[in-house]
Amino acid sequence: MQPKQSPDYRAELCELLNRLLASRGWSPAKLARESGQSKATISRMTSYAYRGKPHQPTMRTIQAISLALKLTPEERRKLFYTAFPEFAVWDEASEKGYDVIDTNELLEKKGLPLLMSIKK
């Protein structure tokens, strides 16, 4: 069985985006204009419980936001790792030379989507 992502990362993403906006003096509406994303998409990301349902952004949305905010490489990495926590595990596994099974063990421990199904 493949673990589901915990919604906790979405609250962290919301907080990170709001900090990035505040540091630039931007509103969510300005981010929507500058990134080419809809106001609804940005609103769902900057208010964690938008209409009671947490929002899972796409990689394209995160990339558009990162370009609009002109993030540094470190800020961009933080944004992507926060939106897609499995990326950090994948990078760690690659740096350490892990295989798919070892990487899946790390992902499973963190409750993240696996690279392949684990048969039990």
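Both phenylalanine 80 and phenylalanine 87 are buried, and in this predicted model the two rings form a stacked aromatic pair, with 6.4 Å from centre to centre and 15° between the planes. Phenylalanine 84 and phenylalanine 87 are likewise both buried; their ring centres lie 5.1 Å apart with the planes at 20°, and planes under 30 degrees apart count as stacked, so this pair is stacked too. The geometry of these two pairs is set out below.

| Aromatic pair | Centre to centre | Angle between planes |
|---|---|---|
| Phe80 and Phe87 | 6.4 Å | 15° |
| Phe84 and Phe87 | 5.1 Å | 20° |

The structure holds four aromatic pairs, and Phe80, Phe84 and Phe87 belong, together with Trp90, to one aromatic cluster.

As for the chain as a whole, its secondary structure consists of seven helices and zero strands, so that, by the run-based assignment of helices and strands, the order from the N terminus on reads α-α-α-α-α-α-α. Of the 120 residues in the chain, 36% are buried, while the chain exposes about 7,500 Å², of which carbon and sulfur atoms supply 53%.

Just after H4, the backbone at lysine 70 takes a positive phi of about 50°.

Methods:
Residues numbered from 1 in each chain as written. Predicted model: local features only at pLDDT ≥ 70, side-chain atom pairs only at ≥ 80, totals over all residues. Heavy atoms only, no water. Helix = DSSP H or I, 4+ residues; strand = E, 2+ residues; numbered from the N terminus. Buried < 20%, exposed > 50% of the residue type's maximum accessible area, 1.4 Å probe, protein only. Areas by Shrake-Rupley, 256 points an atom, 1.4 Å probe, with all protein chains shown as cover. Phe/Tyr/Trp six-rings, centres within 6.5 Å; stacked < 30°, edge-to-face > 60°.
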